[in-house]
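Work through the exercises below with the sequence and the structure side by side. Try each task before reading its solution.

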Amino acid sequence: MNQIARSHLIMFLFALSFLVPSLEASEGDADPIYKTCLEDCEKSGCVGEMCFQHCKFSSDGKPIDGPWYLQEPLYQKWKQWDCRSDCRYHCMIAREEQRWKLGGKPIKYHGKWPFQRVYAIQEPAAVVFSAISLAIQFHGWLSFFILLNYKLPLRPDKKTYYEYTGLFHIYAILAMNFWFWSAVCHTRDVELTEKLDYSSAVALVGFSFILTILRTFDVRDEASRVMVAAPLIAFVMTHILYLNFYKLDYGNSVYESLISYPELFSYRFVLVSFITNPDLFAGLNTKVCMAMGVANLLIWGVWASITSHPSRWKVWLFNVGGTIALLLEIYDFPPYKGFIDAHALWHAANIPLGFISWSFVRDDAVFRTSTLLKKTK
């Protein structure tokens, strides 16, 4: 356990070392044409020939006919698109069309790429992929539950032989919670949904890191589990509080860094630079999640190389897919046709990864159960 404690302390300090400032402003925010369009829209309620009912203002600056949310039908209020949101969106789209005609590349506005709405859904591809991942997680957890309680033998006290049953139930809840809020946030990105999305992601990644350590090091003693998990839980909870009550840190992306550092097209340089100079890549939240994600892949990779587990090949398959998905999070790029960007592809990559991970968990439950039954005979 001393070695585990030391390695966990190193990872903790590694994550804390990422506490450095990052860029927040987006290039589109400072665009003079965009800013002029935004100012005109908030005064007139129109972008070009398109006008918005809830953007009608009187000379004293007050909305005509009451607040904007009273001017829309009840069935449309769920969108929460107010005057400023509509002005930002349509000015952004108009400006991007101008830039495209002049041969310019897409840029971010208010920290976000310019996506095309579909029925008031901000990022339709990410929403669809998140919903599918939610279904995959539910199916995986349900099949795991049925396997343990109805197909595999139980102990005399009706408990399962698999020592990690409770931990994977918690993992399933956190995973489904994350994909639910991911779908909600990408449907309508407001401060509340964004915080819930980020917080649930950190909780899932953090618990996955804890579960990785406990399973790969075969930590079965409850006291030892608490010793390993408690500091990590404290760190994860502190980071969640930081995001919610101090600063929701977006950070800059590798795509933006490539403008100044074209040599980053080398993926080897990307990974090395992430370790030696993480401020080139992203904000605090991405650094923390990426540190735990990389640690997960490394620990599982080492475990798969030394274990005789019959399903270790699934771990390798997951690691390969996980590495590709991680690169999609690192190498951010603008949405193709305004719909699919690197983050949307990351959501898509998580669909088969979710299936593979639950397949391994079921195999692991069967393997551990059979091993324990042989020892009792």
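**Exercise 1. Count the secondary-structure elements and give their order.**

Solution. The protein has twelve helices and two strands. Helices (H or I, at least four residues) and strands (E, at least two) are DSSP runs, numbered from the N terminus. From the N terminus on, the order reads α-α-β-β-α-α-α-α-α-α-α-α-α-α. The model is predicted: local features need pLDDT of at least 70, side-chain atom pairs count only at pLDDT 80 or more, and totals for chains, interfaces and linings use all residues. Residues are numbered from 1 along each chain as its sequence is written, and side-chain values use heavy atoms, with hydrogens and water left out.

**Exercise 2. Describe burial, surface and contacts for the whole protein.**

Solution. Start with burial. Buried means under 20% relative accessible area, exposed over 50%, partly exposed in between (1.4 Å probe, protein chains only). Of the 377 residues, 49% count as buried.

Next, the surface. The accessible area is about 19,900 Å². Carbon and sulfur atoms hold 66% of that area. The areas come from the Shrake-Rupley method with a 1.4 Å probe; for residues, only the protein chains shown count as cover.

Last, contacts (heavy atoms within 4.5 Å). Take those between residues at least 6 apart in sequence: 72% of them join residues at least 24 apart.

**Exercise 3. Which residues of helix H3 are buried, and what covers them?**

Solution. First, the geometry. H3 spans residues 83–101 and has 19 residues. From first C-alpha to last, H3 reaches 27 Å, close to the 27 Å expected. The expected span is 1.5 Å times one less than the number of residues.

Then list the buried residues: Cys83, Ser85, Asp86, Cys87, Tyr89, His90, Cys91, Met92, Ile93, Arg95, Glu96 and Arg99. Their cover includes helix H2 (32–44), strand E1 (46–47) and strand E2 (50–51). Just after H3, Gly103 takes a positive phi of about 85 degrees.

**Exercise 4. Classify the aromatic pairs Phe178–Trp346 and Trp300–Trp303.**

Solution. Set the rule. Rings of Phe, Tyr and Trp (its six-membered ring) pair if their centres lie within 6.5 Å; planes under 30 degrees apart count as stacked, over 60 as edge-to-face and the rest as tilted. The whole structure holds 20 aromatic pairs.

Phe178 and Trp346 sit 6.5 Å centre to centre, with 70 degrees between the planes: edge-to-face. Phe178 is in helix H5 (residues 165–187) and Trp346 in helix H12 (residues 342–376), so the pair ties together parts 168 residues apart in sequence. Phe178 and Trp346 are both buried.

For Trp300 and Trp303, the centres are 5.3 Å apart and the planes stand at 90 degrees, so this pair is edge-to-face. These two residues are three apart in helix H10 (residues 284–306), about one helical turn. Trp300 is buried at 14% relative accessibility, and Trp303 is buried at 9%. An α-helix has 3.6 residues a turn, so residues three or four places apart point the same way.

Elsewhere, Phe144, Tyr162, Tyr164, Phe168, Tyr171 and Trp358 form one aromatic cluster.

**Exercise 5. Thr193: buried or exposed?**

Solution. Locate Thr193 in helix H6. Its relative accessibility is 10%, so Thr193 counts as buried. Leaving out residues up to four places away in sequence, Thr193 touches Val184, Cys185 and Arg188.
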